[in-house]
Amino acid sequence: MRNTLTSEEKLVQGTRLKAYFPAKTGKILAKALYVHAVDNVDFFIKKREVVGLVGESGCGKTTLGRLILRLLEPTAGALFFEADNDVVKRYLQLLDDMEINAPRGKSDPRLEEAATIEKEYSIFKYGRKEMKKYRRNTHIVFQDPNSSLDPRMLIKDIIAEPLKAHRYGSKAEIYERATSLLAACGLEAQYMNRFPHELSGGQRQRVAIARALAVSPKLVILDEPTSALDVSVQAQVLNLLKKLKKEFNLSLLFISHHLIVVRYMADRILVMYAGEVVEAGETEEVFKDPLHPYTTALLSAVPVPDAKTKRERIILQGEVPNLINPPTGCRFHPRCPQAFEVCGWSPREVKESFTFTLTSGRYPTLTSLPAIESAVEIDDLTFEVRLSGDVSDNNLAEIKKATEREILEGNRALKAVKEIQVSKSPAGSTITVKLYAFKMPRLTLVKGQHTVACHLYTEQKGQVPILNQGASPRQEKEAPST
Amino acid sequence: MRLTQEAELDLEKQTSEPLLRVNGLRVSFITRAGRIQAIDDVSFEVKAGETFGLVGETGCGKSQTALAVMRLTPEAGVIERGEIWFSGTNLTENIAKEFKLTQKKNNRVKLKTNRSMLKRLNQKINRIRGKEMSMIFQEPMTSLNPVYTVGRQVSETLLRHSVNMLVDRIIARNAATEEKLKDITNAASRQELSQTELRKLLQRTGLKELEDQIWFILSRKDIGATQKMRAISNLAQHKVKSTTLAFLVRLKKSNGQLPVEYRILNKIPIARRWLTGAIEKEALKVSSELLSLVNMPNVENVLRQYPHELSGGMRQRVMIAMAIATRPKLIIADEPTSALDVTVQAQILELLRELKRTFNSAILFISHDIGVISEICDRVGVMYAGNLVEVARLDQLFADPKHPYTQGLFASVPKYGEKRELLQTIEGTVPDLIDPPKGCRFRTRCPRVHEKCSNVPPWLEIGREHGVSCWLYADGEKHVNQ
C-alpha cells in the first residue's frame, strides 16, 4: 500500500483518518460512547482522476467526503493537499514506525516530528487564511438539488455567491462568469433570472454543478449527484460531468451507492464497509476480480438490466453492524461467508454458537450432557460454560466431534475454537474454550494497484487442523498469487 | 420434478382467465392549475402466479395505476373511465355514475361527494383489499404506524380478514391430544415429511386443521429436530378456557358474525377483552410465524418493537409479512426495494421470489430500476407520461425493444461492464400532464417522430405477447428502417 501512496501527482492524501461522533446513551454516568463513522481510513486522489467511493448507507462515505472538505473536524488523522511527496512519505514512515515501537512518553522525537509535519501541511491544522485559500480548491455537489439550492435566490445569485465570497472581480465580471458557467453546464442564459423551483430536477443539479465549478476548484466531491434523478436525466448529468472533467481539469470524488454508475464514471474505486476502506483499486480490476468477500457480495447483488445473463448471487446474511460497538477484528467477519480463525471472533459470538450446538438437540450424543448453568466470558480469547453435572471424557470427545461437524455445516464462528478443556469440581464440570488470537486486517497491496484489507490474502489459513483432528473444512478459493 | 411443475404452471397461465384485467383505465387529478391526466388509456393483464412489472420514470403513472387497481386513488383524483376486473369481480362497477356525480361544470371535482362516495366504496371493497390483494409500499417508515408495535400491525390484517382462520386454529388445537400428536412426531422423526404426506397423516388422525401450524414448525430452519418435536407436542398444551371455547364455537357457527348476546357484551370494554383476547393472542402467534417466514431474525423480540427500532430491510420484511398474511392472490409491490441498499435489495428480491413459489401469488411489481425489473419479472409494461407504451415478455423486451421510448430508456442506463465514452440520452423532459402533447405523448422527445404521430397511436400486437403503441409499426414495418 505504501508504495502506491507515494507515487506521482497526488492531489489529496488522507492518512489514518478517524471521525467519531458522540452517541447518546441516555444515562448520565455511563461511559461515553462513540459512533465509529470513519475509522483508520487511508486514501489518495490523483490529479485529474475520478475516484468512486462506494458502500452501503451508513458506511461512512459521506462523512469521509465532508472530512476532505473539512466540513467536519476529524477525531484523528491528517489530510494533505498538494503536499510534497517526500514530506508525506516521511510522515507515513513515522506513523508506521510508531505502530511497531510505541512512542515512549510525550517527548518522543518521532511524535514531535509527526506533529510538526501535521502542523505545517495537514489541512486540519490550517488557520483561517489558509483555510479560505483551501476552500477555493475543493467544492461539493450534494445529492438533493431541491434542498441544496436556496429557494429565495435567483439562479445567477446562487452561482455568483462563491465568486463574491472569494472576491473574483467586479459585479459585471462575476455575472459574466456565471453565465458562461451556466452555458458550460448546458443551460441557456434565460435561466439566470429564474428561481430554483422553476427548474426541473436535472436542471437544478446542473445549477448545483455550475456553482461548484465557479471558483475553479481542483477537486469536486459529488455526493450521490444522480440518486434523486430519473435514468434519462441521470444519463444527461453523467455525460455533463464527464465533459466538464476534461474541460476544467478536475479531480472528482464520486460518492455513490449505485455501482453501475460508479463503474461508468470512475477510474479507481474505494469500497467502504462499516467505516473502513476494505478494498481499493482500478475500477475495471475491482469489478472484474473483486478480492474482498464484501466487494464480491456487493457486486453480485447489483441488479443488472439484462434478461439473459443471470449471475450467481451471494446473498449476505444479517445486518450492517452497529458502529457504536463495531465487531472486533475485521468488521465484516460476522457476515463474511469465508471468515476463518483470525478474522476477529469474539468470545461472545463463539459462546452463542457453542452453547447452541450443545443444546440444539441436533446431536443425539449430546443429549446426555448435564444442563448448562451459565456461560461466562473470561477474557478476550476465552469463555467458560458451567454445567450442573459431570462431563466425562467420552462427552468431551462428542463435543469436539459436534463442533467439527458444525464447522463443516457452515457454522463459521466455531472455526475460532482452538481448544476445549474440561475441569471437574464437586459442583459440576466447567468447559473452558480457548479461541485463536485475531488480527486487524490492514490494506495490503495484492497485485498491481489493487489493495485489499482481508486476511484471506495475508494470513495463512487453516494451518491448524480444527481441534487437532479431522480434515480442514474450508473450501475458499485460494488467494491469487501476487 | 420442478421443471414439469413449472411447465404445468406455464400451461395453466396460458389458458386461464387473467387474475387482474385493467381495460382502458383513465385517471385524472384536479389541481388549481388544471386537470392532470395522470393515466390515460392503460390496459394490461396479470395472470395468476406471474410477476408483471411496470417500469417508467417519475410521474409516468406507475404508482397511480397500482393505487387505482386497489381503488385507493386519492380523493383529488377520479377514475374517469375504464374497467378493472379482479378474479371475476368488477371493481369499477359504477364508475360512470360515480364519475358523473363528482363532476362540476367548470371541469372541477365535487370533493365532498367524491369523499362520501369513496367511503361507500371502501365498505364494499375492503372485503377484497388486504385479503385477496395486498400492497407493499415503497417507504416502510412512512407506511408503518410509528405508535403501534410490529406485532399489533401485522396481526391487524389477520384480525380484519382472517378471524375464521384464527378461530379454526384455536379450536383445532383444543381438540388435539398429546397421544394424537405423538403419532405425528413419531412419523416426522423417522423421516422428512413432505407437505402432502403430512396432510394425509393428519387426515387419518383427524387433526386436519392443524396442518398449517405443524407444517410451519417442521419447515423452520432455526431449531433442531428435538426442539421441533417438542414444539409439536406442546401444541396440545396451548388451550383456552371452556367458556372462551364455547364462544369461539358459536362464533364459527354464525360464520364470523357475533351472536346477539355477545354483541351486547362486546360493547363493554372488559368483556370485549375477554371475548377477543384469545383471538388476538392467536393473531400474534400467526404474526410471529409470518415474520419468521420472511426470515426475520429474533422474531419474538421484533413483535414487541416499534418500527423505528428496526433497520430498513427489517421494516420492509414487516411490510411483506403484512402483505402475505392473508395469502393474497395478488401482491402489488410499489418500489419495494428503492429505499434499500443493494445487498438488502438482493435479500428482499430473493425473499419475494421464494414467497411467490410458496404461495403462487401473482405480483404486480412497480419500479423505476430496469435492473430490478429484469431480476424478478416475467412480463413487463413500460409506461411513459400516463400511457402504457409497450408490453412484452421480459426476454423479448430486452432483446428487441420496439417503442422508441423503451429503446431510449435502455440506452440511457450505463451497461454493466461496458465502458462507453458517452451515454445515450433522451433529449428534453417529461411533458406537463396538464396539457400533454396531442397524439403520441412521446412525440416531443422521440428521435423518430413523423407526421402520423400527432394522432393517438393504436395498440398493436406485433408478436406473441408483445404489444406496442407506436405508429412506426402500424403499416407493416414500413417506417422501421427509415
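# A first look at chains A and B

In chain B, residues 24 or more positions apart account for 68% of the contacts with a separation of 6 or more. Keep in mind that this is a predicted model. The predictor gives the complex an ipTM of 0.80 and a pTM of 0.83. For chain B, the mean pLDDT is 83, and 91% of the residues reach 70 or more.

**Chain B as a whole**

- Chain B has a radius of gyration of 26 Å, which agrees with the value near 23 Å that a compact globule of 482 residues would have.
- Along the principal axes, the C-alpha atoms of chain B fill a box of roughly 80 × 55 × 45 Å.
- How many of the 482 residues of chain B count as buried? The share is 40%.
- The secondary structure of chain B consists of 20 helices and 12 strands.

**Domains in both chains**

- In chain A, the assignment gives domain 1 (2–272) and domain 2 (345–435).
- The centres of these two domains of chain A, taken over C-alpha atoms, are separated by 50 Å.
- Domain 1 of chain B is made up of 2–134 + 327–336 + 352–379, while domain 2 of chain B covers 150–293.
- Between domain 1 of chain B and domain 2 of chain B, the C-alpha centres lie 33 Å apart.

**A strand pair in chain B**

- Strand E1 (residues 20–31) and strand E2 (residues 34–46) of chain B pair over eight bridges. Do they run in the parallel or the antiparallel sense? The pairing is antiparallel.
- A hairpin of two residues joins E1(B) to E2(B).
- Leu20(B) has Val46(B) in E2(B) standing opposite.

**Helix H17 of chain B**

- Helix H17 of chain B takes in residues 342–359, which makes 18 residues.
- From first C-alpha to last, H17(B) reaches 25 Å, close to the 26 Å expected at 1.5 Å a residue.
- Which residues of H17(B) are buried? They are Val342(B), Thr343(B), Val344(B), Gln345(B), Ala346(B), Gln347(B), Ile348(B), Leu349(B), Leu352(B) and Leu355(B).
- Within chain B, the buried residues of H17(B) pack against helix H16 (312–324), strand E8 (362–367) and helix H18 (370–376).
- The buried residues of H17(B) also pack against helix H11 (259–265) and helix H13 (293–300) of chain A.

**Where the chains touch**

- The contact takes 33 residues from chain A and 38 residues from chain B.
- On the side of chain A that touches chain B, the elements giving two or more residues are helix H10 (231–248), H11 and H13 of chain A.
- Which of these elements gives the largest share of that side of chain A? H10(A) does, with seven residues.

- His197(A) sits in the loop between helix H8 (171–184) and helix H9 (201–213) of chain A.
- Is His197(A) buried or exposed? His197(A) counts as exposed because it has 9 C-beta neighbours inside 10 Å, and the cut-off for an exposed residue is 12 or fewer.
- Ala78(A) is 119 residues away from His197(A) in sequence, and the two are 40 Å apart in space, C-alpha to C-alpha.

Technical notes:
Residues numbered from 1 in each chain as written. Chains lettered and ligands numbered in written order. Predicted model: local features only at pLDDT ≥ 70, side-chain atom pairs only at ≥ 80, totals over all residues. Domains from an automatic or database assignment. pLDDT = per-residue confidence, 0-100. Helix = DSSP H or I, 4+ residues; strand = E, 2+ residues; numbered from the N terminus. Expected span 1.5 Å × (residues − 1). Buried ≥ 20, exposed ≤ 12 C-beta atoms within 10 Å, placed from the backbone. Contact = placed C-beta atoms within 7 Å. Rg over C-alpha atoms; globule rule 2.2 N^0.38 Å. Pairing = 2+ DSSP bridges.
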